[in-house]
Amino acid sequence: MEKIPVTFDLKGTTYKGELSLAHGAAGQIWHLMVDGFYFGQLENSTRGWQFSTQKYGYDPELAEFFGNCIISWIDSHSV
């Protein structure tokens, strides 16, 4: 699967990154890279989209934003 480009604002700064599907994750786990650095792992679970680690105190709204980016991208690239 292709990488999904994302642009987002966090604490007044605009970032560009990309989401890529984790191998063997069946569309449920994605890796987020920002400016060439690993930002976190996003997971779609029964509780909705969330970062699998709260180490950095990720905002749940940010996880939902990235989840919606994934869904929109998949829908727009479906045959």
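The legends below describe close-up views of a predicted model.

View A. Strand S3 spans residues 29-34. Trp30, Leu32 and Val34 form the covered face of S3, whereas Ile29, His31 and Met33 lie on the uncovered face.

**View B. Pairing of strands S2 and S3.** Strand S2, comprising residues 13-21, pairs with S3 in the antiparallel sense. Five bridges connect S2 and S3. Leu21 has Trp30 of S3 as its bridge partner; Trp30 also belongs to the covered face of S3.

View C. Strand S4, comprising residues 37-45, runs antiparallel to S3 and is joined to S3 by six bridges. The bridge partner of Leu32 in S4 is Gly40, and Leu32 is also part of the covered face of S3. The hairpin of S3 and S4 has two residues between the strands. In this hairpin, Asp35 adopts a positive phi near 50°.

View D. Helix H1 covers residues 60-76, a total of 17 residues. The distance from the first C-alpha of H1 to the last is 24 Å, close to the 24 Å expected at 1.5 Å a residue. Leu62, Ala63, Phe66, Gly67, Cys69, Ile70 and Trp73 are the buried residues of H1. Viewed down the axis of H1, these buried residues fall within an arc of 150° and so line one face of the helix. The face turned away from the buried side carries the exposed residues Pro60, Glu61, Asp75 and Ser76.

**View E. Packing of helix H1 against the strands.** The buried residues of H1 pack against S2, S3 and S4, as well as against strand S1 (4-10) and strand S5 (48-51).

Methods. Residues are numbered from 1 along each chain as its sequence is written. This is a predicted model: local features need pLDDT of at least 70, side-chain atom pairs count only at pLDDT 80 or more; totals for chains, interfaces and linings use all residues. Side-chain values use heavy atoms; hydrogens and water are left out. Buried means under 20% relative accessible area, exposed over 50%, partly exposed in between (1.4 Å probe, protein chains only). Helices (H or I, at least four residues) and strands (E, at least two) are DSSP runs, numbered from the N terminus. Two strands pair if DSSP finds at least two bridges between them. The expected span of a helix is 1.5 Å times one less than its number of residues. The arc is that of the directions from the helix axis to the C-beta atoms. Contact means heavy atoms within 4.5 Å.
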